[in-house]
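Here is a friendly briefing to read with the viewer open. It starts with one residue, then moves on to the whole chain and back to local detail.

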Amino acid sequence: MNEDNIVVVKDLEKKYKSGTHAVKGINFDVKKGEIFGMLGPNGAGKTTTLQMMGTLLNITSGEIKIIGYDVASDSNQVRENIGFALQEAGLDSLSTVRELIAFHVKLFGFRGSEIEERVEQSLSLLDLHQYSDQMIPELSGGTQRRLDLAVSLVHDPKLLILDEPTTGLDPAHRVDLWSLLKKLKNDKGITIVMSTHYMEEAEALCDRLAIIDSGEIVAMDTPQKLKKTIGKDRIEFKLSESLSEEQIIALKNKFGNDNLSTKESFFTVRVDDGEEALLDTLKIIIQMEIKVKGTKVLRPSLDDVYLKYTGKRLEDVP
Ligand SMILES: Nc1ncnc2c1ncn2[C@@H]1O[C@H](COP(=O)(O)OP(=O)(O)OP(=O)(O)O)[C@@H](O)[C@H]1O
Ligand SMILES: [Mg+2]
């Protein structure tokens, strides 16, 4: 095993008793200190994969090693080294923030003065001091997610597994949680494997991404490299007057048929670097006496990547 790999997944499969083949032989590695994201439509197999990594679900075939420990045969060692926050947060409603954290510290076998020390550390790390004596149902959704993280981190795990950590949060709380996860990575060297439905989140947070569809990894790379597979930038020109036949022919001659796409109220030109090419392209278009009322540079987005590999738009995902 490569020493840097915290997670090694080989030919992993999951068939549920119902017959559903949820994961169909996937392979990936996660390096120490990486944030590795899984992006995929509903039912792609993300939760199933994360649960197998977290020893919560049996593997049908293949293997998962976490810090060298086999998830199937060394499940206790795996559990000592991972923290897990589930898709549906299920927090106890009858205790305060401090009590819940202390309960989990004790579950991990800490005793005596160590309990209080760990609780304090956890409250500080997750910025929860001001809520320590509040009852859990009184907390906002964002604070509950932070508490979820606090609970999954009490034993200093090396790997954190997060299933859709920000689903249901408003944008401000979502951004807060992103900085918190970055802090855990940068200050504590924690490795994170997470699923998400949000392209922005994948882009802001993940060092590498696996796009999963119907139980298979259809693409895996850094967000930047994935976007490069889509191709060039485009410049969009909004028209105040539709193009004439002659203008379309002139545009095709100038930019090449493959680089041009024309519609009633706008047309686009494909270029290597949109921002750099914008002015020169605009000059040529004005010389052709085309009436333009606005321009926009369109860069390939992760949404385009997602569409290319899954045939679906991320925005369609609830
Ligand atoms: N306990 C189960 N028993 C039988 N089938 C299941 C079970 N859990 C999930 N499945 C099925 O396995 C497939 C993968 O589901 P999974 O929950 O892993 O997808 P997901 O990528 O996490 O989706 P979502 O984005 O909706 O959370 C789906 O077809 C789902 O219906
Ligand atoms: Mg899921």
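Where does T96 lie? T96 sits in the loop that runs between β6 (82–85) and α3 (97–107). Please keep in mind that this model is predicted.

**T96 and its surroundings**
- With a relative accessible area of 11%, T96 falls under the 20% cut-off and therefore counts as buried.
- Not counting residues up to four places away in sequence, T96 touches S132, D133, Q134, M135 and I136.

**The chain as a whole**
- Eleven helices and 14 strands make up the secondary structure of the chain.
- Taken along the principal axes, the C-alpha atoms fill a box of roughly 85 × 45 × 35 Å.
- The chain has 318 residues, and buried ones make up 45% of them.
- Of the contacts between residues at least 6 apart in sequence, 69% join residues at least 24 apart.
- The chain is divided into domain 1 (5–228) and domain 2 (233–299).
- Between the C-alpha centres of domain 1 and domain 2 there is a distance of 46 Å.

- In soluble globular proteins, nonpolar side chains tend to be buried together.
- The largest nonpolar core here has 45 residues, and those with the most contacts inside it are I101, L126, L147, L149, L160, L162 and I192.
- Apart from this core lies another, of 27 residues, with V7, I26, V30 and M38 among them.
- I101 touches V119, S122, L123, L147, A150 and V154, when residues up to four places away in sequence are not counted.

**V151 in helix α5**
- V151 belongs to helix α5 (residues 141–153).
- Is V151 buried or exposed? Its relative accessible area is 12%, so V151 is buried.
- Leaving aside neighbours within four places in sequence, V151 is in contact with L100 and H104.
- V151 and A102 are 49 residues apart along the chain, yet their C-alpha atoms are separated by 8.9 Å.

- L209 is buried, with a relative accessible area of 0%.
- D213 also counts as buried, at 15% relative accessibility.
- Which residues does L209 contact, leaving aside its neighbours within four places in sequence? They are G37, L39, A202, A219, M220, D221, P223, L226 and L302.

**Helix α1**
- Helix α1 (residues 46–53) is mostly covered, as six of its eight residues are buried.
- The buried residues of α1 are K46, T48, T49, L50, M52 and M53.
- Just after α1, T55 takes a positive phi of about 65°.

**Helices α9 and α10**
- Helix α9 (residues 245–255) packs with helix α10 (residues 274–287) at an angle of about 145°, and their axes are 11 Å apart.
- The crossing of α9 and α10 is right-handed.
- On the α9 side, L251, K254 and F255 take part, and they meet T281, I284 and I285 in α10.
- By class, this contact of α9 with α10 has four nonpolar, one polar and one charged residues.

**Positive phi in two loops**
- I67 is a residue other than glycine, and its phi is positive, near 50°.
- The loop that holds I67 lies between β4 (61–66) and β5 (69–70).
- At 26% relative accessibility, I67 counts as partly exposed.
- D127 is not a glycine either, and it has a positive phi of about 60°.
- D127 lies in the loop between α4 (113–125) and α5.
- With a relative accessible area of 54%, D127 is over the 50% cut-off and so counts as exposed.

How values were computed:
Residues numbered from 1 in each chain as written. Chains lettered and ligands numbered in written order. Predicted model: local features only at pLDDT ≥ 70, side-chain atom pairs only at ≥ 80, totals over all residues. Heavy atoms only, no water. Helix = DSSP H or I, 4+ residues; strand = E, 2+ residues; numbered from the N terminus. Buried < 20%, exposed > 50% of the residue type's maximum accessible area, 1.4 Å probe, protein only. Contact = heavy atoms within 4.5 Å. Core = buried A, V, L, I, M, F, W, Y, C linked by side-chain atoms within 4.5 Å. Axes fitted to C-alpha atoms, helices over the stretch in contact; angles between N-to-C directions. Left-handed = near helix turned anticlockwise from the far one by under 90°. Nonpolar A, V, L, I, M, F, W, Y, C, P; charged D, E, K, R; others polar. Domains from an automatic or database assignment.
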